[in-house]
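Work through the two exercises below with the sequence and the structure in view, trying each task before reading its solution.

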Amino acid sequence: MIRAHGLTKRYGGKRPKTAVDDLTFEVRPGTVTGFLGPNGAGKSTTMRMLLGLDAPTAGRCTVGGRAYATHSAPLTEVGALLEARSIHPGRSAYHHLMALAHTHGIPRSRVRDVLDTTGLTDVAGRRVKGFSLGMGQRLGIAAALLGDPATLILDEPVNGLDPEGVLWIRNLLKAQAAEGRTVLVSSHLMSEMAVTADHLIIIGRGRLLADTTVERFVRDSGTGSVKVVSPAAARLADLLAGPTVTITSDAPGTLDIHGTDAEHIGRTAAAHAIPLFELTPQTASLEQAFMDLTHDSVEYVTSGAPLEGAAA
Amino acid sequence: MTTTDTTTGVAPSPYRVTPARVLRSEWHKLWTLRTTWITLLTASVLVLAIGITMGTTYDGDDADIDTVVFVLFGTQLSQICLAVLGILVTAGEYATGMIRASLTAVPRRVPVLWSKAAVFAGVVFVLCLVTNVVTFLVAQIWLGGTDKELALTDSGVFGALAGSAAALTLLSLIALGLGALLRSVPGGIGAFVGSVLILPEVLTTLPLDAVDTAVKYFPAQAASALGSVTHVDNAVSPGTGLLSLTLWAAAVLAAAALLLRRRDV
């Protein structure tokens, strides 16, 4: 369980920049929670505050019921992968993990286990300097899994991974959540989160934009419409018109209908003997819904609203 | 709700962070980098090689120089190597990002700095002591029969060899602390060379007696009082030198610890 309450981070003295602005959310165990936002939205800063690396300007956050730094065995409480590399390139993968393991008295056998899980056993003795981006990510994930933690906090874990690696991460995260762990994973790619996450926390410019499930997010995003092509488009539009229905037309004979579903349109057309050439529900893609949401937040800020940091 | 282990079905683990374990981790970190081996070996070989050169080429010209200072002339160079290693131990972690992993594992932070300082000081002191003794004994092979013939058991000899090792260790600890304060390897090296090695030399050119007196207590000057059998001209006593040097190192490390607790990583 991760809790953030009024979490705020401001940088700089005279012209402060607000990276995270009064963020309140909860991440529950047993599901994969996607932490989404465009680049610069404050995802990494929030994660660093959860891990006690950055001190919040205001507000507080707890992991597993208490501030991260107060846990007696933090690596067993939270496993973290940070976006910026946190590995000395001159050390081998094995020794990197062993150095971290020593701080908690975690045995060598566990280090071997996580190397195995992440597919790094064969390169464990090699210095990290020669690792590809994907191998570096795997090593970061191995370090996160080291303490068999109750919570995983992963910042952009699929960065630099090949398709096989992406699939591996996806399955790993789902398996970890299924075991009852709390999984918070950040991304700027909605499409990736659509297939990985159950729950979504979306931020833009450091503010909470949505805290919802993937399903509800798509349903509520309101961009679902039905495309209709008919030679009697104008007549059909008159028949469908109602207070909750909006109809737009981009081209002659083509309608874009919001507020009703394909079934109702089809039955109405049949009842009035209107031929239909096309009847296509336009499911809003997650990516589109996400862009709409974050686009709005950007517009809100640049429209002159008195938001701190907007001048920057 | 208030206990930590009830939020998930994961069993409580036997693992926890202890000071001894952080020390063990820092020991492991130090020895698993190639730079450590190269720097320590270079520092040691420099002292030995220069010591042998001094011994084989001695022709009686430098009669007024203290014997231990004479054979350990190489410590002037090894000091730079050891200071650089000290800076790498702390600032190197910021340069590579390793510090984020270190402080995520030990979020109380300060034990990491103490452990780094303790492991590094222990290793440097032992290495310097062994190197000094070996260099002294080897150099004496050629110095026998000259006015620089001394035995390890002669009064003050072992004290000077150990004093030189202690001085090198404390100077390197100051470098380690500067690395932690500045979080930058070039910055740390610049600060060490500038403030410890160059600044006192500049200050002594000022025509003020008070400045001259104060400079005697500066790290490099206090260190010079330690590695000599005979009293060093224009320097404090070995005891005072050791005390000043220890206080300098303690002050730099305390400042580094204070900032480590406060600053974002």
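**Exercise 1: where the chains meet**

In this predicted model, 42 residues of chain A are in contact with 33 residues of chain B, where contact means that the C-beta atoms of two residues, placed from the backbone, lie within 7 Å. Local features need pLDDT of at least 70 and side-chain atom pairs count only at pLDDT 80 or more, while totals for chains, interfaces and linings use all residues. Residues are numbered from 1 along each chain as its sequence is written, and chains are lettered from A and ligands numbered from 1 in the order in which they are written.

Task: find which elements give two or more residues to the side of chain A that touches chain B, and sort that side by class.

Solution. Begin with the elements, which are DSSP runs numbered from the N terminus (helices: H or I, at least four residues; strands: E, at least two). Those that give two or more residues are helix H2 (74–77) and helix H3 (93–104) of chain A, and H3(A) gives the most, with 7 residues. Next, sort by class: this side of chain A has 21 nonpolar, 15 polar and 6 charged residues.

Notes
Ala, Val, Leu, Ile, Met, Phe, Trp, Tyr, Cys and Pro count as nonpolar, Asp, Glu, Lys and Arg as charged, and the others, Gly among them, as polar.
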